[in-house]
Structure formats: C-alpha cells, structure tokens
Amino acid sequence: MSNTQELDKKYVLPTYARADVEFVSGENATLVDSNGKKYIDFTSGIGVVSVGHANKLVNEAICKQISNLTHTSNLYNIAPQAKVAQKIVNTSGYEMQCFFGNSGAEANEGAIKIARKYGEINGEVKRYKIITLQHSFHGRTITTVKATGQAEMHNYFGPFPDGFVYADTISDIEGLLDNHTTAVMIELVQGEGGVQPQDKKEVQALAKLLKSKNVLLIVDEVQTGVYRTGEFLASQVYDIKPDIITLAKGLGGGVPIGVVMTSLKDVLSAGDHGSTFGGNYLSSSAACSVIDILNELKSKGTLDKTIEYFNEKLDAFFNNNKKLFTKKVGIGLMCGLRAKDGDILSTILSNAKDEGVMVLKAGKNTLRFLPPLTITKEEIDEGFNSLNRAVSSL
C-alpha cells in the first residue's frame, strides 16, 4: 500500500470505491501514474478536463491571474466573471444572464430556486412542483438528490424537500402537469443514467407544450454542455430555447465552477441567492481560457473532425465486439456501449486499466466514453489499441 493510500484510508471518508492507481502527471489525453505507467484517458475526469490535462493556455491564464488576485468576493465587480458570462451567453446564442457557483449540483440548486420563485405570486406559493425523469441525475445535495429520478439515491438522507415528480419518459410529462407545476428539468443526454439521448422531436414538442402552459423548461447541461455533444450546448443540437440552463464540469477545464444561465433576468434579486467562491478570479479566468480554446477548435473544424474520428474508431470497436455489447449510444464525444451484462462491464473496466486506458461506467451496464475534446488521433488510436487488448480474452 502506497503512502497516499495509507493516508487516504486513515483520514478521508470512504465515499468512493477508489481504483488502485494514483496519477501524478498528465498531458492532453495521456496520464502517468506513480509508477511511471502511461494511460490514455477516455474519461477526462468524468467530463471535466475538456481541454486536456495540464493545458498550457489554461495554466498560463490561471498563473497570470493568481499572481494578481485569486479571490475578493462577489460583493465587488470581478472582471473575468463578467467576461466569461459574456462569452457563455454569446456562444450560446441565447439572450440570458448567468449566476456562478462551484459545481453542477449548485447550478441545479440555483435553477430550482429560480423556478420556485417564478412560481410564486407576491411571495405566496402558487406553483412549486418540478417534474424530472426516471434515471436522471442532478446532483448530491439534499434537494438535487431528490430531484434525481433514481429511487436508490433516496436512501438514508430524508426527509427530503417536497415537490418533485418523476416521469418515466418525455411523452409521459404532459399527463403529470397540473396547476402546481412550475418547471420541468431534463438532461438531453442522460449521463449517469446510461448515456441515453432523448428523442429530438419529443423534446421539441415538450418545449412547445411547456411554453404554451407557462411552465419553465430547465435543461441540465452539466455533462452535455461546453461542446461535449459537438455544439456549445446540447440545447443547440436539439434546436430548443430553454428558460434555464445549468453548466459545470468541462467549463473550468479542471477548476471547480458551476453556472445557471437563464432568460428570466428579473426573478432573483439581491439577497435571494449567493456564493462565496462562485465565479471568483481563479475559476472565471480558467473558464475564459477554456471557452476561447474550444471556440477556436470548433470554428476551425478541428472539433468536428475529432468527434468523427473518435466515433469511427468506436463504431469499429463495437462492430468487432458484438458478443460483448448490444448497442452504441450517445452524441458527439459523450458516448457509450451497452454491455450485455454487469459482469462483462466490470471485467472490461478492470482489464482496460491494466492495459493502459481509462474508461467509465454509467447506469447498470454502459461503458462510457468522455475523452478530452482536444484528444489527438494518436491518442485515440493508442486508446482503442489498449481497449482491444482489454477485451481480447473475453
């Protein structure tokens, strides 16, 4: 047992089933562990390291900023926060404003608060219910755990906030709407629920229906946002205009950040919501750099080519291993393969690590891929070579 493992076991609460590996350095989609072994990273820290490990431009932006200021507080104007809000809104194409927090769960908490206040009239609760989907995942705070449509997530931590209703599918939402419904919150591609994309026409019909009934549409883009699905937002892929969108993960390139963006600019007022650390100089400067890098990759066509090449390789891997997998799912660089059973998936995850490629699990039986958006062809090739070795004996 390494010294890190000993310290972790003694001092850190055991809330994670950690793999027996410790990474000490990285470059783009390549990681190096404490023994000097190299790995291709098809996980990007669960969709966080969007522009790769140790990205020089992001590091330079962070170093330049913290040499002047790291944090003052949201009681004062913060130039990089204002700039990154402008970049987010302009890149989205939506007429919105932003609130900054530190995580996806915080972003979703903010979205819920906006929706709940929107449902009030002169401080009196009129509409408060929020409909979410079965198999959804919206965070691990008490409220976002309850918003999550997975019954197993609701153990131990009650009593929970009331007002969440779960629909089995998008088409079932209409039948659950009532006079107390203030919002519907969905992921356009369910991440933790198994990399499951929603049907585009059903989502568009839902958006139109909710607009006609003055019910808000919240889209949780914590995992799908910041070009993960090919466009800056999956909402753009689906050609809808949500009332509220949440972002986190890939926006900071590894620095914690969460964002609620909304067209409802007059709902919250001073004192209704806040964050000590949210959008400080450090996280905002990192996010500005990440958006600049990815906007350039998108405008040059590099991102689209990377998505195409990765999916070609994934298609070939799937077609050569249909004895192990039943279906390929996902959009852009948010991809998955449905394993035939959980035992096969567990074996592949273990073998992949041994062979030097990191992959993820989603839902009960999905092998999930969330590579850095800057991954190179060489890294893609090496990763799939390792993955082929990992399944060769199965």
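I looked up Y227 and found it in the loop between β12 (216-220) and α8 (234-237); helices (H or I, at least four residues) and strands (E, at least two) are DSSP runs, numbered from the N terminus. This is a predicted model, in which local features need pLDDT of at least 70, side-chain atom pairs count only at pLDDT 80 or more, and totals for chains, interfaces and linings use all residues. Residues are numbered from 1 along each chain as its sequence is written, and side-chain values use heavy atoms, with hydrogens and water left out.

I checked the backbone of Y227: its phi is positive, near 75 degrees, and the residue is not a glycine. Y227 counts as buried because its relative accessibility is 6% (buried is under 20% relative accessible area, exposed over 50%, partly exposed in between, with a 1.4 Å probe and protein chains only).

I then looked at H135, in the loop between β7 (129-133) and α6. H135 also is not a glycine, yet has a positive phi of about 75 degrees.

Next I looked up P159, in the loop between α6 (142-147) and β8 (164-167). The peptide bond from G158 to P159 is cis, with omega near 5 degrees.

I traced its partners, where pairing takes at least two DSSP bridges between two strands. β15 (residues 325-331) runs antiparallel to β16, with six bridges, and F325 stands opposite A339. β19 (residues 366-369) pairs with β16 over four bridges, also antiparallel, and T366 stands opposite R338.
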